[in-house]
Amino acid sequence: MYKKLLEEKLLQLKQEGHYRYFLEVNKSVQHFPHFYYTNVQGEQRAAVNWCSNDYLCMSTHEAVIGKLSHTTYKSGTGSGGTRNISGTTIYHRELEATLSAWHGKEAALLFNGAYQANVTTLQTLARNINDLVFFSDQENHASIIEGMRGCKNKKFVFRHNDMAHLRDCLQSVPYHQPKIIVFESVYSMSGSIAPVQEIVQLAAEFNAMTYVDEVHAVGLYGKNGAGIFEREQLQEKIDILNGTLSKAIGVFGGYITASKTIIDFVRSFGNGFIFTTSLPPAICSAARKSIELIQAGDRQVLPQKVEQLRTALRQAGVEYRENPSHITIVPVPGAEHCRSVASRLLLEQGVYLQPINFPTVPRGEECLRIIITGRHQLKHIHHLAHSLKKIIHGDHQADRQGIQALAFADGAGETEN
Ligand SMILES: Cc1ncc(COP(=O)(O)O)c(C=O)c1O
């Protein structure tokens, strides 16, 4: 009976076109952004990954891999315990110190992912401050929505980046009632950037706390790569900042940084922090190494690559949505159409772009989300632009140009960095 119930749900998901099929993206340190997959005929194929969030390719950095290996040999693989029960090491402490200093905060707290950090922190605040009111941007990530869900606290959802609407919402709650404005700095599915200066001003005016998810900004923006709040010199104005160790940092895990009191509060009351095994020590030391390298790195490479990519798209006549971030969105409306374009790009052109469909974006706003990394070269960019032109606009001239721009079997062996 239960099997049937579950199967019915799965069938429904498939009929709605929301069922997720995973592609095996067999990554290679040497050949990134090329990867290997096996097609339905059982043949091994190479393609270029255009949707990895390993923005700075730190997951393939020799020194980060070296640190991970070295600490694993010294400390073993897993931590073997929750933070409270034998799962805290010098590597956890050192990483938390690095993170709090990076973000200009008093303290930091590690989680096994930014998803868990968002859910646990927001839930912990909601459960312990009964009359806390949430003000949440309409485009906030699923983990933020999950963190606010299931609690009795009142929620206002303000229109994306609409400060007049946020002001209206804030005005409707008494000044002394606890409030928290929850938003992202770089929005992952539209590439828009929050008006952070205005948000912190509104927070001050209406006596609200502020919570930002900088998952797609850490490592990329600001003098030391700490994110948009560093770039805008507003680090001291944000109450709680959430980040990931799994995207630009290229390792694994998540965290929050805040005042000592807030961190102690989440550490002491947050079930999603307390009742789970801590990160492996080697992950912590590798993440710290990666952050040190990022802090010392050149922040100009990625914006230049983004500009090269957008120039190539314009020249090829491929439409994309303008935004001020590193995330390039090519609209391909219609779930089936978007899926079919992505599938043809992979099978015919060796271009891997995951179609972004409802519920991740609203219906009708289906798109391809292009992520360029430090290791995509001009030849990859031109091949992508020509491939998109061919598949989206059915331009066969572009096909020949695209094939000239990048020969796959050979390209997969290159190691330029
Ligand atoms: C905006 C945002 N917040 C949080 C997360 C979760 O991060 P993590 O992968 O570290 O759990 C993601 C995505 O993966 C995200 O896009």
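1. The largest nonpolar core has 61 residues, and Leu99, Trp102, Phe135, Leu166, Ile181, Phe183 and Leu245 touch the most other members. A nonpolar core here is a set of buried Ala, Val, Leu, Ile, Met, Phe, Trp, Tyr and Cys residues joined through side-chain atoms within 4.5 Å, with buried meaning under 20% relative accessible area (1.4 Å probe, protein chains only). Domain 1 (17–49 + 300–411) and domain 2 (61–296) each contribute at least three residues to this core; these bounds come from an automatic or database domain assignment.

2. This is a predicted model, in which local features need pLDDT of at least 70 and side-chain atom pairs count only at pLDDT 80 or more, while totals for chains, interfaces and linings use all residues. Residues are numbered from 1 along each chain as its sequence is written, and side-chain values use heavy atoms, with hydrogens and water left out.

3. Leaving aside residues up to four places away in sequence, Leu166 touches Phe135, Phe158, Ile181, Ile199 and Leu202. A second, separate core of 25 residues has Val306, Ala312, Cys338 and Ile372 among its members.

4. The C-alpha centres of domain 1 and domain 2 are 30 Å apart, and 12 residues of domain 1 are in contact with 12 residues of domain 2, where contact means heavy atoms within 4.5 Å.

5. About 880 Å² is buried between domain 1 and domain 2, with 67% of that area given by carbon and sulfur atoms; buried area is the accessible area (1.4 Å probe) that two parts lose on being put together, summed over both. Pro324, His326 and Arg369 supply 40% of the area that domain 1 buries against domain 2, more than any other three residues.

Key:
Buried < 20%, exposed > 50% of the residue type's maximum accessible area, 1.4 Å probe, protein only.
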